[in-house]
Amino acid sequence: MKHITCIDDLRTLHQRRVPKAFFDYCDRGSYAEETLRANREDMQAIKFRQRVLVDVSRRDTSTMILGESSTMPLILAPVGLLGMQHGDGEIHACRAAQAAGIPFTQSTMSICSIEDIAANVEKPFWFQLYVMKDRGFIKELIQRAMAAKCSALVLTVDLQVIGQRHQDIKNGMTVPPEWSLSKLIDFATKPAWVSGVLQGKRRTFGNLAGHLKVSDDITSLSTWINSQFDTSLNWNDIEWIRSIWPGKLILKGILDVEDAELAAKTGAQALVVSNHGGRQLDGAPSSIEALPEIVDAVGSQMEIMFDGGVRSGQDVMRALALGAKSCMIGRAYAHGLGASGQAGVAKAIDIIQKELLTTMGLCGVNRIDEIDDHIIAV
């Protein structure tokens, strides 16, 4: 790993070592991928003010996230199917995050279950929730997260209708894999991946195990999941969730000021400005474009987190400068996981922290709370 210098290097290894269907699931976006591209292009258009002859010998990336200390303003976002990027991927990613001193968020659609992770890590983690039509199952999931002592619930609010991801259809992406000659050939060229996944605890959605009798049947499983996303979900449902969940609540997927103002009235402690990584509404604004106006509207009422296009410490700095208190990364650490398991995730985190420290120094900043829009070139 000593020759890995950036997240793009990890992405290259990920693409080489993991079957195409699972790499593309992580890497690609919905429809024409306009929003996916905008997340990166708009981020890179933000330029810094280079400052010189400032004492930056005391640089420190530590901060507070939802009242808890963190070594940097970074969170591992919920990413589905991590266990298909690397065997027991959720456990390895959580361990890397906890070793680095930052939060990890488990996806509802993970391969390892809540209990699998809780039994194999040392500290509480966050749990991300999709609200489905089967409210009894959702209540049970929340209670399982409580029993596992999850320290925050991340409610994803932008997936009532699923944006089509063309590449997943072309690849015949299913969990567990539905076999074809092209898949067998692809898998045969990646023996380390095959071995790792076969040694993992599960090869289907762990949180559904025991609830859905057809959880190992590809067609029935896909039909059930696709039928469960609830188009009737609305703001009143958050009150029901809060009646069950006693802890910290984060609303992920806010991209509009009016929605941010409604979110601030729910009692949630934080929101995540996010367009689902360009995987939902294609043609939506980039997350970084939406961020400043949302910060202005509700930043004094709740903690603002950011998600979308973060691939470097420079990107973290950009989001903080525009008012975010912390950033989530998804693809960046998933590339590390696919490239080299837990060590790859640790490498992704380390790369971003070192880039952030360097960028702080060259912008004349020592502390996270000193970062604001004055570091942006106009």
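Helix α2, residues 20-27, is mostly covered in this predicted model: seven of its eight residues are buried. Strand β4 carries T105, which sits at 0% relative accessibility. The largest pocket has a volume of about 1100 Å³, and α2 is among the elements that give two or more residues to its lining.

**Helix α2**

- The buried residues of α2 are A21, F22, F23, D24, Y25, C26 and D27.
- Several helices cover these buried residues, including α1 (7-17), α3 (34-44) and α7 (166-171).
- The cover also includes α8 (181-188), α9 (191-199) and α15 (331-362).
- Y25 is buried in α2 and is also one of the residues that lie nearest the centre of the largest pocket.

- T105 belongs to β4, a strand of residues 105-106.
- T105 counts as buried because its relative accessibility is 0%, below the 20% cut-off.
- Leaving aside residues up to four places away in sequence, T105 touches I75, L76, A77 and P78, among others.
- The contacts of T105 also include W126, F127 and Q128, which are residues of β5.

- β4 and β5 run parallel and are joined by two bridges.
- Within this pair, Q106 stands opposite F127 of β5.
- In β5 (residues 126-129), W126 and Q128 point one way, while F127 and L129 point the other way.
- All four of these β5 residues are buried, whichever way they point.
- β5 also pairs with β6 (residues 152-156), in the parallel sense and over four bridges.
- On that side, W126 stands opposite A152 of β6.
- Together with helix α6 (residues 135-147), β5 and β6 make a β-α-β unit, and the unit is right-handed.

**Largest pocket**

- The lining of the largest pocket consists of 44 residues.
- Nearest the pocket centre lie Y25, I162, R165, D168 and R279.
- Two or more lining residues come from each of α2, α7, α10 (218-228), β10 (326-329) and α15.
- α10 gives the largest share of the lining, with four residues.

**Largest cavity**

- The structure holds one cavity of 30 Å³ or more.
- The space in the largest cavity is about 50 Å³.
- Y130, V131, T156, V157, L159, Q160, F229 and L233 line the largest cavity.
- One of these lining residues, T156, falls within the residue range of β6.

- L66 is a residue other than glycine with a positive phi, near 50°.
- The loop between β1 (63-65) and β2 (68-70) contains L66.
- L66 counts as buried because its relative accessibility is 10%, under the 20% cut-off.
- L81 is not a glycine either, and its phi is positive at about 65°.
- L81 is found in the loop that lies between β3 (74-76) and α4 (89-100).
- With a relative accessibility of 3%, L81 therefore counts as buried.

Key
Residues numbered from 1 in each chain as written. Predicted model: local features only at pLDDT ≥ 70, side-chain atom pairs only at ≥ 80, totals over all residues. Heavy atoms only, no water. Buried < 20%, exposed > 50% of the residue type's maximum accessible area, 1.4 Å probe, protein only. Contact = heavy atoms within 4.5 Å. Pairing = 2+ DSSP bridges. Right-handed = clockwise from strand over helix to strand, strands pointing away. 1 Å grid on protein atoms, 1.4 Å probe; cavity = no way out; pocket = protein on both sides within 12 Å on 5 of 7 lines; lining within 4 Å. Points joined across faces, edges and corners; volume = space filled by probe spheres on them.
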